Amino acid sequence: MLKSKSEFLVPTREERLGTVCAYGGSGKDLAQCARGGCLKNKNRSFSQSSACDEMMPLLNAAMINDNVVIAHSPVGCSSMIPGVTLLYKMEREMRELPSDTIKAISTNFGENEIVYGGASELESAILEAENRYHPKLITIISSCAAGIIGDDLQAVVNKVQPKIKGTIIPMQCEGFRSGSVATGYDTFLVALMRAIEPPKKKKKDTLLIVNPLTISHVNELEIERLLAKVGIKVQYFPLFTDVANLKNASEATGASTLCNLMSNLFLINMEKKYGIPYVEPPMPVGIEFTNWWLRDTAKLFGKEQEIEKVIKEEEARVIPLLNEIKSKLEGKRAFVGFNLARTLALQSLLDEFWMETAVSTGLEYSDAYGLAPLENLNRRSKKEFILQIGNFQHFEWVNLLAKEKPDVLVGGIEYCSTGIRQGIPVAPVLPGTLYVGYKGALSFGKELVRSLKNPSYANKISARVNLPYRENWYSQSPFKYIGDNQ
Amino acid sequence: MSSIDAPRTSCALGGALDLVNSINRAVPIIHAGPGCGMAIFNSNIGHGYQYVGYACGFALPSTNTLEKQVVFGGEDRLREQIKTTLEVIDADFYFVVTGCTVGLIGDDIKAVVNEFSGNDKPVIFAETPGFKGDTYKGYDIAYRSMIDQLTVPSKKKKKGVINLLGIVPMMDAFWQGNINEIVRLLERIGLKVNLSGNGDTLDKIRNASKVELNVVLSPNTGIAVAEHFKQKFGVPYLVYPLPIGSETSNFLREVARTLHLDLEKVEKVIEEEEDQFWKYLLKFTEAHVFSLSNKEFALIADSGYAVGITKFLANDLSLTPSLIAVTDQPEENLKEPIRKNISELDYDLEPTVLFESDNYKIWENIKENKPNVIFGNTNDKIEGKKYGISTFPLTFPIYDQVVLSKGYSGYRGAVTLAEELSTMLISGT
């Protein structure tokens with residue numbers, strides 16, 4: 001009943017890559033298990049709210065220029081739009097794009113649509129989007145409700161497209177489809193390929209970079225700076241990009257990614273369809289991973305030697321400065337909280353400061369993007385670290401934080417607020433935080449030093465916090481509830 | 001329901017979660033798809049970045065139903081989640097609230113929840129799938145379910161004790177400040193507030209039938225709850241939209257009359273409060289001349305704010321209301337009283353009252369007759385800038401400021417509003 005009629009339905013990450021959404025143990029054990037073929041996806045019998053498959057398409061589509069997002073859902077699914085509008089505003093300002101609100105329409109599913117279907121409401125929302133905004137692109141985001149009642153998005157699109165100037169792209173991303181948020185990324189990026197036109201000409205020395213919402217433009221500028229030194233031009237896909245630049249994405253010379261968690265299926269399909277060679281190195285954070293990223297990417301253009309020169313120059317400039325920072329951070333223990341593509345990259349940077357990572361997290365794990373950096377870190381780390389793989393799951397974090405008592409929490413906003421409430425100072429990775437490349441290593445190193453200097457807020461707040469967990473929760477295994485669920 | 005451009009609310013589940021998260025030591029158990037709790041938590045950025053809830057904002061227990069549950073049903077998963085939640089989380093009561101997925105697959109929530117009736121801490125439920133309506137609707141549904149399952153019937157009424165209803169926590173970013181000021185004033189005229197919406201407890205919910213009166217601070221939200229109280233427990237109710245400025249005196253008089261309080265004493269309190277209030281506004285005359293005199297305003301807000309803000313600005317500060325867009329969706333029979341309430345002003349002013357949730361349509365109206373200042377949300381601020389209009393952030397989503405304790409209700413809130421409004425206009429932000 002749930003199988004879609006759409007040929008554009010991507011496989012879930014669990015089906016395609018054997019992605020694991022629940023794991024707790026050492027990084028070493030995970031890598032060994034992955035190599036040995038004994039890694040199995042599990043569930044939790046106690047769980048807390050998490051990101052869903054609909055979120056990534058909805059939030060990311062909102063970041064494309066000249067796009068109207070239609071959330072084909074009850075009004076609550078659009079609740080997260082205000083939260084990212086601030087981010088949208090900041091990122092557009094950084095790119096000197098005019099300030100504006102996100103154009104998003106909810107089809108406002110009610111009981112009527114549940115009974116009679118939401119197709120006609122969707123149709124009129126598309127026509128309204130056209131009349132109101134004349135967008136170049138209209139993206140339709142499905143939802144649990146629309147999926148269960150079986151609305152055929154494609155049929156609606158086929159019907160109204162002749163009346164609409166821009167391209168309409170439906171995204172089949174019901175929140176119940178997959179436990180892996182990356183399935184949502186696949187849905188989003190692969191669906192956007194429908195906007196891409198066959199190449200008119202092939203561009204020379206142009207790198208298509210898949211850019212995620214959480215790597216701010218300040219970081220893109222660092223990547224552009226480094227690639228410019230070897231004559232590689234950058235074209236981003238798809239965020240904060242004009243639709244014209246989505247259309248001609250097929251003309252790129254090669255493709256790479258700033259988030260190998262999200263880009264996988266898109267890059268595979270782009271190679272298949274347009275013959276664009278690609279690489280998927282880990283995020284360029286810290287010296288080692290930045291070098292890795294640059295080397296892999298330069299190879300696409302046959303610029304291996306040129307990039308070595310850049311790396312040498314940059315290292316000569318930056319390493320003495322990093323050594324100064326290192327003396328202030330050496331031996332400090334960190335909890336790194338974010339998705340795995342980023343935590344492993346941040347962990348690599350911390351290792352370069354001779355810090356120790358006690359715990360690293362990930363929303364999910366798959367070999368495709370996780371194994372190579374994980375093995376790299378397992379090799380480099382002096383001590384074993386704990387990996388928590390879960391789509392958020394706060395109760396496991398608080399347990400781990402209470403047990404491990406790290407000196408600092410490095411990561412995303414939900415992780416950092418959790419850290420503060422348990423008395424741990426934080427070095428947040430936020431919109432606007434520079435942490436990519438050589439400049440990013442320096443900048444974030446300074447942030448880490450500052451984070452340790454004055455923990456007053458975390459100290460005082462944590463003394464006043466009553467977390468809702470039972471006292472005995474803290475003495476149990478944080479991963480007690482990982483297994484099968486009902 | 002017709003589509004909504006840039007919605008100004010969340011869904012029924014959102015309203016239910018706002019309610020549960022405002023109660024001390026209450027923990028929701030969301031029986032819904034994996035993203036519902038997180039999406040609604042993210043909307044908190046639009047409530048002035050408030051982190052609220054004993055159960056840690058985004059960390060709400062949730063069954064995270066996937067395809068397996070959609071196909072085979074989610075009752076077993078819910079049972080398991082309630083059991084494990086009781087193991088891990090220490091709360092005074094647990095409140096199962098449901099989302100679209102389980103609303104559609106037809107799980108028997110009541111049957112599963114009833115299995116836990118022997119638990120020492122109550123486990124209750126409300127069916128709040130998103131497609132049932134907006135935040136305001138969800139608040140009403142969850143509130144009614146809550147009193148059905150927790151409130152102990154009592155014929156005896158405690159004299160001078162009342163409940164306040166109708167302010168949806170979080171959805172009104174200034175809920176705490178707004179409620180605190182009203183409670184302060186009610187206490188000054190000798191009343192005690194049982195349920196207020198801020199810091200309510202299981203005990204207060206249990207005793208909620210013993211009050212003399214329910215006061216509903218919105219001409220829409222909370223009325224269904226009060227009606228339910230009336231039918232079930234015989235508690236009468238008074239609807240009085242959140243009072244702001246000197247209108248607060250009328251509010252206090254009406255409450256006093258309804259409860260047969262000593263009116264002379266109440267007038268004394270009113271006089272003291274008004275004296276303070278007007279002293280501050282006296283300090284404000286130069287600023288008023290400079291920034292507010294003869295200004296026209298548009299207001300885009302739920303009906304709760306629509307009445308109070310319009311009355312304060314028009315009746316106390318001499319501003320002219322042009323367009324009042326009411327964004328919650330009151331039932332047809334409530335629309336006329338709301339329209340009347342907004343339009344009945346001390347002087348002959350005739351604002352256009354528009355019941356509309358769709359942002360685009362609201363803005364079509366605003367563009368037709370551009371006011372000097374708008375009361376709306378952060379999106380309105382961005383839009384207003386395009387036309388050189390300043391916007392005072394008041395309603396969801398407010399994502400460019402942090403709201404912790406302040407409010408705009410009563411006398412003190414009105415002074416804050418006057419201060420901030422003129423500051424905004426003087427500084428040109």
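Helices here are DSSP runs of H or I with at least four residues and strands are E runs of at least two, numbered from the N terminus. This is a predicted model, in which local features need pLDDT of at least 70 and side-chain atom pairs count only at pLDDT 80 or more, while totals for chains, interfaces and linings use all residues. Residues are numbered from 1 along each chain as its sequence is written, and chains are lettered from A and ligands numbered from 1 in the order in which they are written.

H7(B) covers residues 135-150 and reaches 22 Å from its first C-alpha to its last, close to the 22 Å expected (1.5 Å times one less than the number of residues). Its buried residues include Tyr136(B), Tyr139(B), Ile141(B) and Met146(B). The buried residues of H7(B) pack against helices H1, H9 and H10 and strands E3 and E4 of chain B, a contact being two C-beta atoms, placed from the backbone, within 7 Å.

Turning to chain A, there are 20 helices and 15 strands. The radius of gyration, taken over C-alpha atoms, is 23 Å, which agrees with the value near 23 Å for a compact globule of 486 residues (2.2 Å times the number of residues to the power 0.38). Of those 486 residues, 56% count as buried. Among contacts in chain A with a separation of 6 or more, 76% come from residues 24 or more positions apart.

One open sheet of chain A lines up 6 strands as E1-E12-E11-E10-E13-E14, with mixed pairing (two strands pair if DSSP finds at least two bridges between them). E1(A) and E14(A) sit at the edges with a single partner strand each, so one side of each has no neighbour in the sheet. Inside the sheet, E10(A) and E11(A) run parallel and are joined by 4 bridges, and Phe335(A) has Val359(A) as its bridge partner in E11(A). Helix H19 (residues 437-453) of chain A packs on this sheet, touching E13(A) and E14(A).

Strand E5(A) (residues 137-141) is largely enclosed too, because 5 of its 5 residues are buried. Leu137(A), Thr139(A) and Ile141(A) point one way, and Ile138(A) and Ile140(A) the other. E5(A) pairs in the parallel sense with E3(A) over 5 bridges, and with E6(A), also parallel, over 5 bridges. Ile138(A) stands opposite Val68(A) and opposite Ile168(A) in E6(A).

Leaving aside residues up to four places away in sequence, Val96(B) touches Ile29(B), Val123(B) and Phe125(B), among others.

The Phe237(A) to Pro238(A) peptide bond is cis, with omega near -5 degrees, and Pro238(A) sits in the loop between E8(A) and H11(A). That loop between E8 and H11 of chain A also holds Phe240(A), a non-glycine with a positive phi of about 55 degrees. Phe240(A) counts as partly exposed, because it has 19 C-beta neighbours inside 10 Å.

Methods: Buried ≥ 20, exposed ≤ 12 C-beta atoms within 10 Å, placed from the backbone. Axes fitted to C-alpha atoms, helices over the stretch in contact; angles between N-to-C directions.
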